[in-house]
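Visitor: Can you walk me through this one? I'd like the sheet and the helices around it.

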Amino acid sequence: MVRTSVVRIVGGRPGWIALGVMVGMLTAAMAQAQPPPTQTPPAQQPPATTTPAQQATTPPPQRLFAADAGLVLNFIKPDKTADFEAVIAKLKEALQKSSKPERKQQAASWKVFKSPEPAAGNVLYVFVIDPSVKGADYTVSTILAEAFPPAEVNELYKQYAGAYATGQNFVNLALVSDLGK
């Protein structure tokens, strides 16, 4: 079944954006409850057989967007939305206080939406990244580690990882047509 939704942009440009086709595809994908892709975030990977010290020195894989824009679909446990949103607030803080120019660019083009409809019993948060910053790493744990002390990052990481129901899906998007121009 294809469903149509309209999302109001809060704090951005006024107006409504019809997301009918995209939401219909997302609804169909969620109904199939596919396992996460190979680009599962480090927070969702099975526990390693390494020591915590070894894990701390092993950098997580980079999350890069190879296209003009991207989406990240985050499937969050219903009872963990406050935890997820708290980590997103810290992510925003980390991006804003970073001295790296690419982090400032990421902050300017990264929006987080929450679907009002359930997603196979979970809550769907969508990162909309438009435009993507070429070559910039979008790994949440990496960004947090640049801004906060290790002990705090470890707690945020646990909170972030514990919020996920099924993982993330990264979607690269190539612009076909800008209907406003």
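Guide: Angles run from 0 to 180 degrees between N-to-C directions. Also, this is a predicted model. Helix H6 (residues 150–163) lies across E3 and E6. H6 runs at about 90° to E6.

Visitor: What is the strand order in the open sheet of four strands?

Guide: The order is E4-E5-E3-E6, with antiparallel pairing.

Visitor: Which are the edge strands?

Guide: Strand E4 (110–119) and strand E6 (164–173). Each pairs on one side only.

Visitor: How are neighbouring strands turned against each other?

Guide: By 20° on average, direction ignored.

Visitor: Back to E6. How many bridges does E6 share with E3?

Guide: Eight, in the antiparallel sense; strand E3 covers residues 69–76. Phe75, for one, has Gly167 in E6 as its bridge partner.

Visitor: Switching to helices. Which strands does H4 lie across?

Guide: Helix H4 (residues 101–109) lies across E4 and strand E5 (122–129). The angle of H4 to E4 is about 40°.

Visitor: And at what angle do H3 and H4 pack?

Guide: About 135°, with the axes 7 Å apart. Helix H3 is residues 81–97. That angle makes H3 oblique to H4.

Visitor: Is the crossing of H3 and H4 left-handed or right-handed?

Guide: Left-handed.

Visitor: Which residues meet there, H3 to H4?

Guide: From H3, Leu95, Gln96 and Lys97. From H4, Arg103, Lys104, Gln106 and Ala107. By class, the contact has two nonpolar, two polar and three charged residues.

Notes:
Residues numbered from 1 in each chain as written. Predicted model: local features only at pLDDT ≥ 70, side-chain atom pairs only at ≥ 80, totals over all residues. Heavy atoms only, no water. Pairing = 2+ DSSP bridges. Helix = DSSP H or I, 4+ residues; strand = E, 2+ residues; numbered from the N terminus. Contact = heavy atoms within 4.5 Å. Parallel < 35°, antiparallel > 145°, perpendicular 65-115°, else oblique. Left-handed = near helix turned anticlockwise from the far one by under 90°. Nonpolar A, V, L, I, M, F, W, Y, C, P; charged D, E, K, R; others polar.
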